[in-house]
Amino acid sequence: MLAGVHIAVGAEAMALAARAGIPLDTMYDVVTNAAGNSWMFENRMKHVVDGDYTPQSAVDIFVKDLGLVTETGRALHFPLPLASAAFAMFQQASNMGHGREDDSAVIKTFAGVDLPGGKP
């Protein structure tokens, strides 16, 4: 749950930076040297900066894992708003054809941002 949410929010931050015209390598350097850094951001958003979506862990793995988490929350009648939002983002990325790409490809759900080229 925590890994999926960290990747999703990291992608959101990087997409916002791209939309604002901030170079993603600059954004990466700022975040990785600030309080907002996490291991998942540092590891996965480097893939975005490099434009390399070769799977280390795939989008569809988080569709499965976050699906299990949200099902557990529903079974326990316990709301999981952040995990549910991250789950929806990973589902969207999978539905867009990115399911077998690295889980950092969840950033591709944001329309209107220019991402570094590279490996699909």
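Guide: Gladly, and we begin with a definition: buried means under 20% relative accessible area, exposed means over 50%, and partly exposed is in between, with a 1.4 Å probe and protein chains only. This is a predicted model, in which local features need pLDDT of at least 70, side-chain atom pairs count only at pLDDT 80 or more, and totals for chains, interfaces and linings use all residues. Residues are numbered from 1 along each chain as its sequence is written, and side-chain values use heavy atoms, with hydrogens and water left out.

Visitor: Why is His77 called exposed?

Guide: The cut-off for exposed is over 50%, and His77 has 73% relative accessibility, so His77 counts as exposed. His77 lies in the loop between helix H4 (59-75) and helix H5 (81-98). Helices here are DSSP runs of H or I with at least four residues, numbered from the N terminus.

Visitor: Which other residues in helices count as exposed, and why?

Guide: Leu16 is found in helix H1, and its relative accessibility is 61%, so Leu16 counts as exposed. Arg74 is found in helix H4, and Arg74 is exposed because its relative accessible area is 54%.

Visitor: Which residues of H1 are buried, and what do they pack against?

Guide: The buried residues of H1 are Gly4, Val5, Ile7, Ala8, Gly10, Ala11, Met14, Ala15, Ala17 and Ala18. They pack against helix H2 (24-32), helix H3 (39-50), H4 and H5. Contact means heavy atoms within 4.5 Å. In H3, the buried residues are Met40, Phe41, Arg44, Met45, His47, Val48 and Val49, and what covers them includes H1 and H2.

Visitor: What makes a set of residues a nonpolar core?

Guide: A nonpolar core is a set of buried Ala, Val, Leu, Ile, Met, Phe, Trp, Tyr and Cys residues joined through side-chain atoms within 4.5 Å. The largest one here has 30 residues, and those with the most contacts inside it are Ile7, Met14, Leu24, Met45, Phe90, Val106 and Ile107. H1, H2, H3, H4 and H5 each supply at least two residues of this core, and H1 gives the most, with eight residues. Not counting residues up to four places away in sequence, Met14 touches Leu24, Met27, Tyr28, Phe41, Met45, Val49 and Ile107.

Visitor: Why are H1 and H2 called oblique to each other?

Guide: Axes are lines fitted to C-alpha atoms, for helices over the stretch in contact, and angles run from 0 to 180 degrees between N-to-C directions. Angles under 35 degrees count as roughly parallel, over 145 as roughly antiparallel, 65 to 115 as roughly perpendicular and the rest as oblique. The axes of H1 and H2 come within 9 Å and cross at roughly 135 degrees, so the two helices are oblique. Their meeting residues are Ala13, Met14, Ala17 and Ala18 in H1 and Leu24, Met27 and Tyr28 in H2.

Visitor: What makes H1 roughly perpendicular to H5?

Guide: The axes of H1 and H5 come within 9 Å and cross at roughly 65 degrees. Since roughly perpendicular covers 65 to 115 degrees, H1 is roughly perpendicular to H5. The contact is made by Gly4, Val5, Ile7 and Ala8 of H1 and Leu82, Ala83, Ala86, Met89 and Phe90 of H5.
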